[in-house]
Amino acid sequence: METLRKPGQRGGLLAAAGPLGKPLPLTLIAAAVVVIVLSSVSSSSMLFNLTAAAVAVVFMQSYGLITGRAGVISLCQLSFAAIGAWTVGWANVHEVPGGLYVWLLLGGLVAVLAGLLIGLPALRLRGVNLAVATFAFAIALDVVFGGLSFPGQNDYNFVRRPELFDTDAAYFVFTAIVVAVIFVGLYFLDRSRLGGALVEIRHSERAAAAHGISVTKGKLAAFALSAFVAGVGGGLMAGQLGIVTAGNFSSFASVAMFAIALFVGTNNIEGAIAGGVMGAFVPVLMDAIGIPQDLASLLFGVGAIQVLRLGMSQTDLLRTQRRRKRAERNPLPPIQAPPVQVFPRQRPARIVRRGAPALEVRDLRVTFGNLVAVNDVNLVLPRGQVVGLVGPNGAGKSTLINTVTGFTGRYTGQVLLDGKPVDDLSAHRRARAGVRRSFQQLRVPTSISVGMFLQVAAGATLTRQAIDEQLALFGCPPADTPVEVVDVATRRLLEVAGLAVGRPRVLLLDEPAAGHSSDETRLLVDRLAEIPERFDTSLLLVEHDIELVRAVCDQIVVLDFGSVIASGPPEQVLSDPAVIAAYLGDSTR
Ligand code: ADP
Ligand code: MG
């Protein structure tokens, strides 16, 4: 097994790392000192720019939610800001009690409504189409707000700031406090299951669905949260300027902000701050040296294209380099895997629970055009057993798993879980009902920690102790290790560990030993054999390694050209001449 480096040990909030590896409270204190110093030494024009930068950081935090975390390209974040600002203006004119504190929240909430309104229909779309839809929304709002004056705009009814934060210096401190509160919220989001779900949705929607995550709900939550943050940002801007107009939130400004967000990587705290500072100061600087301000947008656009080319934002790039360097500096002994038995080995004597099958497949048929990939397959996975599904490449094994787990669009036949048909359920609902799977192509997001991934894959909130025990059992590195520095074979083990610890009714593994060394395969064999007893999970195992299959499986089903050509106990099936012919490859085929 490849040597893994020990990551910085941390535990609990106090020791939790903020940007640049510093603990969060320390970071907050340092930031407070900087803000207080800046607010007391800056000129009034500087204070104006600093406050604008803080507001821009809030917009960046909003992009960090929708694009940085959930991976959704949204070009209408400033429209949400406009709605927040409009609401604050309205609350000011109507003297809604509570002052700006309450108005900001109100602005955020009204923006959430807009976020859901645009999010719901847009969720049927992906990628560029979704981007276009959000841009269309932004342009539509340009038009609406262009024709409509903001509350207080015509009679110079300035938005009143809270008494405590009335001066420009104090208002800068106020915006900085709002920024900090949002950062703390994001910090906890990143450590919650929703945070993990968003990252997995960005990484692979299929993997997310396989872990029982509703991609629709996840994206909708991201739209709502990001709209809230943007709405608060818009309200803050109204408080800064006193009066805002549609021009402050144009669709083109949205796109320019998006370009900056993409370039710096706003899912990172340092990225959001850098993005806000760039957004506010680069145009000012360009103006100062006599370059047209519009060129700034061009500059950001070029940066964004660079990011799309690299597939990684600047702060992600820096973080990756830093993690690699740290890993190189602290070479540590290999991971201690628990003892493994000699391979090949005896199958464990299982307490086979008699009763209804856990999973049953009846007359399953899947076609791709003229190709019959799965041909009227019948298969039973009894509770408490491991059934091996083998067959040559292209036999239809992965298609069968895809179909059972709800990832194939159309099929005929039935899939029953504990005797109940699940054919009407979508992939993530089948996963929640207890049908979990791994993919032949590894789909583990790299930007989260090992412990976080374990929880995402389990689809459950686990105690720290449960996480540590499961990781040790499967020979995986400690919970705080970034997945990124874990080798691919261990990522496969990690995936199986995560799926199993969720204790699903049935688990379908598609070639979990692919790419493993013999040591790793031995460990995997032991763990797979234990899964039914330990987790009360029945296992369907697709595997090419016949020794592994022989060592783990109670029964074997052989597929060839989509049809079952043999099934039964391993000894019987593996000595079947038809099976041997299919495996050794008949030259006439
Ligand atoms: P296995 O996992 O046993 O190697 P697969 O289930 O991946 O086999 O593939 C079975 C057959 O179905 C192959 O001939 C493959 O080319 C075909 N196939 C699989 N998925 C698709 C798809 N999405 N579209 C068209 N053909 C497919
Ligand atoms: Mg396959």
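Among contacts in the protein between residues at least 6 apart in sequence, what percentage join residues at least 24 apart? The share is 74%, where a contact means heavy atoms within 4.5 Å.

This is a predicted model: local features need pLDDT of at least 70, side-chain atom pairs count only at pLDDT 80 or more, and totals for chains, interfaces and linings use all residues. Residues are numbered from 1 along each chain as its sequence is written, chains are lettered from A and ligands numbered from 1 in the order written, and side-chain values use heavy atoms, without hydrogens and water.

Start with the overall build. The protein has 22 helices and 10 strands. These are DSSP runs, numbered from the N terminus: helices are H or I with at least four residues, strands E with at least two. The C-alpha trace spans about 90 × 50 × 45 Å along its principal axes. Of the 589 residues, 52% are buried (under 20% relative accessible area; exposed is over 50%, partly exposed in between; 1.4 Å probe, protein chains only).

Ser398 sits in helix H14 (residues 397-404), and Gln440 in the loop between strand S6 (435-437) and helix H16 (450-458), so the pair ties together parts 42 residues apart in sequence. Ser398 is partly exposed, at 22% relative accessibility. Gln440 is also partly exposed, at 32%.
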